[in-house]
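Student: Let us go through this structure with questions and answers. Please show the sequence and the model before we start.

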Amino acid sequence: MAIPSVCTFKKEFLASTTMLYVEDDEHIRKDAVEIFQGLFKEVFVGVDGEEGLELYKNNKNKIDLILTDINMPKLSGLEMLASIREIDWEVPVLITTAFKEPDILLKAIKFNVTNYILKPMQLNTTFKIISNIMEEKELERKFKVQEHELQQFMSILDSQNLICEFNEDGVITYANDLYLVASGYSFEELVGMKHKELNHATVQESKYEGVIADIKKGESKSCQCKKISKTGMIFFTHSTFIPIYSTNGQITKFMEFGIPTTKYEQEILTLKKSILSLKSSSFKSSLDHKSEQSQIEKITIKFQSQLDDAINGSQQLLFEIHELKKYNKELKEKLEEQEKRIEDFQLSVVK
């Protein structure tokens, strides 16, 4: 067997796949394994159904896909598959078969066979089928991860927001517990009501219809909402309205995510005023402090300048005194020398 020159499959999906290959024909098995090992991440090889089943049991957490013959000794491919399906119903399984075995294909269907490969096995076709299967598995894995992340995100939203769903006719189809508590309606009472019936009478019809028109165009809108409960109590929300799409890209419904603001609105305003007042006082104090610091710095600089002048003057005076003392000493020495000369002259005259 040889890999065709024209590649119609995605090698990266084979390179990340661990396969169990079960084939009792030694010649076919040897040729295929030689090629498989160069393309797949890892290949477990069984010579019959019994060995294949044992390999699967020992490596089920590693094996991504099974490629097996049907007619094998000890344990047939279908018998092996039946035992594997008791362990794992989802692992992809490909069987190699001939056109003359339609009854086998019918039996294989009940064991959730993913696909079949016609004998003699064409490698390009086989690899294309396997790469498509593994690509689909990877997409399913990513979808499950995203679905899990979305569920976590929705759980967080559900615990902190008023959530309401309504259809294109504006009829409410779902509301979470927080929405029910705020509105005062039961789930049965709220479902079937028009969403706009919860708007307070002072809400402008045109403003609400403008929001609905925008989200019907596929836009998201956020706004402050004034609503009225079943008992006539007013409550406010900061709501975001978004369109929800079906798999074919059509808008099927709309969702409102609302943050309740009634309970804390006055407290928030008071807190904001207090913060602004503190900031204003702090700013004024800061300015006063800076002004005082500036005056101190000016006085310090002036005093330092005067002190430097005084020190420089004192040093100059000391230098002049030192020079005068030195000059005075020189004069004294000259005077003594002159007096000695006079004395010597007088003595010489007397003689």
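Student: In which helix is Ile-215 found?

Tutor: Helices here are DSSP runs of H or I with at least four residues, strands are runs of E with at least two, and both are numbered from the N terminus. The run that covers residues 205–216 contains Ile-215, which places this residue in helix 9.

Student: What kind of model is this, and which pLDDT do side-chain atom pairs need in order to count?

Tutor: Residues are numbered from 1 along each chain as its sequence is written, and side-chain values use heavy atoms, with hydrogens and water left out. This is a predicted model: totals for chains, interfaces and linings use all residues, local features need pLDDT of at least 70, and side-chain atom pairs count only at pLDDT 80 or more.

Student: Is Ile-215 buried or exposed, and how far is it from Ile-251 in space?

Tutor: Buried means under 20% relative accessible area, exposed means over 50%, and partly exposed lies in between, with a 1.4 Å probe and protein chains only. Ile-215 has a relative accessible area of 0%, so it is buried. In sequence, Ile-215 and Ile-251 are 36 residues apart, and in space their C-alpha atoms are separated by 9.5 Å.

Student: How many salt bridges does the structure hold?

Tutor: Side chains of opposite charge can pair when their charged atoms come close. The criterion is a side-chain nitrogen of Lys or Arg within 4 Å of a carboxyl oxygen of Asp or Glu. Under it, the number of salt bridges in the structure is ten.

Student: Is Asp-48 buried or exposed, and what about Lys-74, buried or exposed?

Tutor: Asp-48 has a relative accessible area of 6%, so it is buried. Lys-74 reaches 65%, so it counts as exposed.

Student: What is phi of Lys-74, and what is it for Asn-112?

Tutor: Most residues other than glycine have a negative phi, and most peptide bonds are trans. Lys-74 has a positive value, near 65 degrees. Asn-112, found in the loop between helix 5 (102–109) and strand 5, also has a positive phi, near 60 degrees.

Student: Which residue pairs with Glu-138 in a salt bridge?

Tutor: Both partners lie in helix 6 (residues 123–160), three residues apart, about one turn of the helix. Glu-138, at 26% relative accessibility, counts as partly exposed. The closest N and O atoms are 2.8 Å apart, and the partner is Arg-141.

Student: How much space lies in the largest pocket, and which helix gives the largest share of its lining?

Tutor: On a 1 Å grid over the protein atoms alone, a pocket is an open set of points where a 1.4 Å probe fits, with protein on both sides within 12 Å along at least five of seven lines; lining residues have an atom within 4 Å of a point. The volume, the space filled by probe spheres set on points joined across faces, edges and corners, is about 540 Å³. There are 19 lining residues, and Glu-138 is among those nearest the centre, along with Pro-92, Ile-133, Lys-137 and Glu-140. Eight of the lining residues come from the largest contributor, helix 6.

Student: How far apart are N and O in the salt bridge of Glu-165 and Lys-253?

Tutor: Glu-165 is buried at 13% relative accessible area, whereas Lys-253 is partly exposed at 26%. Their side chains meet with an N to O distance of 3.0 Å.

Student: How many disulfides does the structure hold?

Tutor: A disulfide needs two cysteine sulfur atoms within 2.5 Å. The number found is zero.
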